[in-house]
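Trainee: Could you take me through one part of a protein model closely? Please keep it plain and start with a single residue.

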Amino acid sequence: MNRTDDRLLPVLLICAQAAVWPGAALVRGAVPPASALFVAALVAGSVTAALALRRTRPVAALVVVAAACALGAGPLPTGAMAVLGTAGVASALFTVATERDTFTVVLCGTALAVWQLLQGISLHGLSDRDGLDLVLTALLYATACGAGRLVRRTRRARRAAERTLKRAEAERHRLPEAERRRMERELHDVSAHHLTAVVVTAGAALGLRDRRPELADEALEFAAETGREVTRALGAVRAPTPSREELPSPEERLRALVEGFRRLGQRVDREIDALPDGVVADAVYGIVREALTNVARHAPGAHTTVRCRYGDNRTEVAVTSAAPPAGSAAHGADLGGGRGQGFLRARAREAGGRLTSGPTADGGWEVRAVLPGRTAAPAERPVPRNYRAAQLTAAAGLVLQPLLPALVIHARPTSNSTQVSAGVLFALLAAAQAVALLWLRRAPRTARVVLLGLAPLWPVAMAAGDYSGPVALPPALSILATCAAIAAQASRSGPGVSGAAEERRRVGPVGLFPGAAVVVHATAVVVAVLGRGTSVPLWAVVGWATAGAALAVGAAGLVGTLRGRRDRAARGSRDERLAAWTEEAVRDAWAERRRIAAGLESTVLARTADMVTEAEAGRLDATAERAREALAAMRALLDTVRQGAAGPELRPQPTLQALDLLARQCRATGRDVEIRLTARVPERLPTAVDLAAYHAAETVLAAGGEEPAVLELDADGVMLTLTATGVPRAARPAVRERLAARVAALGGTLITGRPDTVGLRLPLAPVPQQGDEERER
C-alpha cells in the first residue's frame with residue numbers, strides 16, 4: 001500500500017466515529033460539552049497520526065492507539081470511543097500481524113487482551129457479569145491476528161512465486177550461454193591437459209632420441225592412450241549424462257591428477273583435504289588441473305606444491321611452482337590460446353569465490369583461490385535474546401499498569417459468589433476451538449471432530465453461567481471456527497485437485513463435515529433457544545436455525561472454493577510459464593551443444609584419431625605434428641564458439657542426453673531434481689524411444705510442484721523403464737493422458753502406483769505398425 005492508502009483508513013474511522021458520537025447525540029438534540037469534544041479531538045488526532053504510521057512502526061502504533069482510546073474512554077460518554085477502540089485497535093493489530101514475526105504478534109494480542117481485561121477490573125471491579133464482552137474482544141483480536149498472518153503468508157508465497165518466475169526467466173536466457181561457456185571451458189581443459197601432454201612428451205622424446213631412444217616408445221604409447229582418452233573426454237563434453245557408476249571422491253580425483261603429472265616428469269607435492277561433492281569440488285579440480293598444465297607448458301621440471309584446505313568459512317586452493325630448472329626446454333610454451341587465466345577466474349567466480357595469480361619472489365608462479373567453505377550460505381541471524389526480554393518486559397509493564405490505581409489508590413469491593421460466569425466458560429470454549437484450528441493442517445480429521453464436539457457445549461455454558469444476553473450470539477460465535485475449517489477444506493479441494501488422496505477426502509468421513517456441521521450447530525441453536533424459553537413454534541425454530549447454519553456453512557464453503565480456485569489458477573499459470581520457459585531454454589541450450597559437437601566431429605576428433613593412428617604406426621614426428629594440429633583445430637573451434645547459433649527452425653529435438661539441461665533448469669527455479677541412470681541402460685537407444693523418454697520426463701517435471709523429484713531410468717534388455725518420484729501433480733488426469741499418448745504410440749505402458757510416483761515402460765525394439773505387418777504377410 002502507498003501513503004495515500006495508509007491515510008485513508010484513519011480518516012474513514014474518524015468519520016465513522018463522528019457519526020456514532022457526537023453525530024448521533026446531535027441528531028437527538030443533545031449537544032456534548034466543549035471539554036468532551038476537546039478530549040475526543042485529541043484522541044482522534046493521536047489515533048489518526050499513529051495509524052498513518054502503522055506500516056513502518058506497527059507495534060508503536062498499536063500501543064499509541066490502545067492507550068489513546070483507553071484514556072479517552074474515561075471522561076467521554078459511552079460510545080464515544082466505540083469505533084476507534086474496536087476497529088482502530090483491530091486494524092493496528094492486523095498490521096502488526098502482517099509486518100512482524102509470530103512471537104511479536106502473539107505477545108501483542110495476548111498483552112492487549114489481558115490489559116483491556118485488567119483495565120475493566122480497575123474501573124469497575126470484579127463482578128458476576130456474563131463477561132461476553134471479554135469473549136467478543138478476544139475473538140476480535142484473534143480474528144485480526146489470524147487474518148494478518150494469513151495475509152502475511154499469502155504475500156510471502158506470492159513473493160516466492162515471483163522470485164521463482166524471475167529466476168526461471170533469467171535462466172531461460174542464461175542456460176544456452178552457460179552451456180556454451182561450459183563446453184568452451186571443458187574443451188579448453190581437454191586440449192590443455194591431454195593434447196598438451198602429448199606434445200610435451202613427444203617433444204622431450206624427440207630431443208633425447210639419440211641419448212635415450214627408449215623414450216620414443218614410451219611417448220608413442222602415451223600418445224595413443226591419451227588420444228583415446230581425449231575421444232572419451234570429448235564425448236562426455238558433448239553429451240554429459242548422469243553417472244552410471246560410483247565416481248571417485250573429489251580427493252581421489254585430485255590425487256590421481258597429481259599422479260598423472262608426476263608420470264610426466266613433474267615434481268609435484270600435495271596437501272589435500274577431503275572435499276564433498278559439489279560445485280566447490282569441481283572448481284577446485286578445474287583450477288588445479290589448469291594450473292599444473294601451465295606449469296608443464298612453461299616451467300617443465302619445476303618443483304610444484306598443491307595445497308587444498310577445506311574449512312568452515314572458506315576453501316583455500318594454492319598451486320605454487322618454483323623457477324624452472326636451468327636448461328629445461330618448454331616444449332609447450334607456444335600451445336596456449338590465452339584463455340587459461342580467464343577460465344580460472346570464471347571457475348572461481350561461478351563457485352562463489354575469487355582467484356588471483358602472479359609471480360613469486362623466487363621467480364616462480366602461484367595461483368591462489370578462495371572459495372566457499374562448509375557454511376557457504378550465511379545462516380539467518382536469530383532475534384537476540386535481550387530483544388525478546390525487552391519485549392516481554394514492556395508487555396508485562398503494559399499489562400500491570402491498569403492494576404496500579406486499583407491496588408494503590410483504592411480497593412474495589414469484589415464478589416463472593418462461587419458461580420462461574422458465562423464469560424469464563426465462553427473463553428475456555430473459544431480457546432479450545434482456537435487450539436483445534438491450530439492443529440487443522442497437521443491433524444485435519446481430529447481437529448474437525450473436536451470442533452463438532454465443542455459446538456454442543458456452548459448451550460451448556462449458557463445454562464451453567466446463567467447467561468442473559470442475546471440467545472443466538474454464543475452459538476453464532478461457535479460456528480465461526482467451524483466455518484474457518486470448512487473454508488480451509490474447500491480451498492484445498494475442488495476440480496483442480498486430483499489423485500487418490502483427494503478421492504478419499506471427498507468420499508470419506510471428512511467429506512461429510514459440512515453436513516455434520518449444519519446439523520450440530522442447528523441443534524445447538526435450537527437447544528439454546530428452547531432452554532431460554534420461547535413462544536415461537538418448534539418447527540420455526542428448527543427451520544430458522546437450520547437455514548442460518550446452512551447459510552453460514554455454505555458461505556464459508558463458497559469463500560474457500562473461490563479462494564482455492566484463484567490459488568490453483570495462479571499456480572497453474574505459473575507452472576505453464578515455467579514449463580514453457582524450461583522447454584525453450586533446454587532446446588536453445590541443446591542446439592548450442594549440438595552446434596559445438598558438430599564442430600568437434602569435423603575438426604578435433606578427426607585429427608585426434610589421426611594422432612592415434614600415427615602413434616600406433618610408430619611415427620613419433622607425425623604423432624607430434626598431428627597433436628599440434630589437433631590443438632590448433634581446438635583453438636580455431638574455440639574462436640568460433642562465440643558465433644551465434646542457428647535459427648530456431650533448425651533446433652534439434654532433445655533426447656535423454658539433454659536430461660542434465662532439464663535438471664539444471666529445474667534447479668534454477670529452486671526445485672531439486674536428481675537424474676539417475678543405471679548401468680543397464682544402453683549407450684545408444686532407438687531414436688523414437690530416446691525422444692519419447694525425454695518428452696515423458698519433460699511432461700512429468702512440467703506438471704509443477706516444489707517437492708524434490710528423482711527420475712530413474714533402467715533397462716532389462718527388452719524394456720526401458722522411467723520412474724519419477726516426488727511428482728504428486730503428475731497424477732492429474734491431463735498429465736496422465738499426455739503420458740499415455742506418448743507410450744501408446746510405441747507400444748509401451750503407463751505404471752500407476754503411489755500418488756507421488758509415475759512410471760513408464762517403453763520397448764527397446766521398434767513396434768511394427770500395421771502397414772509393416774501387411775507388407776511382411
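Trainee: In which helix is the place of Ser-491?

Mentor: Ser-491 has its place in helix H16, residues 473-492. Some ground rules come next. This is a predicted model, in which local features need pLDDT of at least 70 and side-chain atom pairs count only at pLDDT 80 or more, while totals for chains, interfaces and linings use all residues. Residues are numbered from 1 along each chain as its sequence is written, and side-chain values use heavy atoms, with hydrogens and water left out. Helices (H or I, at least four residues) and strands (E, at least two) are DSSP runs, numbered from the N terminus.

Ser-491 counts as buried because its relative accessible area is 16%. Buried means under 20%, exposed over 50%, and partly exposed in between, with a 1.4 Å probe and protein chains only. Who touches Ser-491? Leave out residues up to four places away in sequence, and the list is Gly-560, Thr-561, Arg-563, Gly-564 and Arg-568. A contact here means heavy atoms within 4.5 Å.

Now for the core. A nonpolar core is a set of buried Ala, Val, Leu, Ile, Met, Phe, Trp, Tyr and Cys residues, joined through side-chain atoms within 4.5 Å. The largest one has 43 residues, and Leu-656, Leu-659, Leu-713 and Leu-720 have the most contacts inside it. Among the elements that give two or more residues to this core are helix H19 (538-602), helix H23 (687-702) and strand S7 (709-715). H23 supplies the largest share, eight residues. Look at Leu-713: beyond its neighbours within four places in sequence, its contacts include Leu-656, Leu-659, Arg-676 and Leu-720.

Next, a sheet. Five strands make an open sheet in the order S6-S7-S8-S10-S9, with mixed pairing. Two strands pair if DSSP finds at least two bridges between them. S6 and S9 (749-752) are the edge strands, and each pairs on one side only. From one strand to the next, the twist averages 15 degrees. S7 and S8 pair in the antiparallel sense over six bridges. Val-710 stands opposite Thr-725 in S8.

H22 packs on it, touching S6 and S7, and its direction makes about 160 degrees with that of S6. H24 lies across S9 and S10, at about 140 degrees to S9. Axes are lines fitted to C-alpha atoms, for helices over the stretch in contact, and angles run from 0 to 180 degrees between N-to-C directions.
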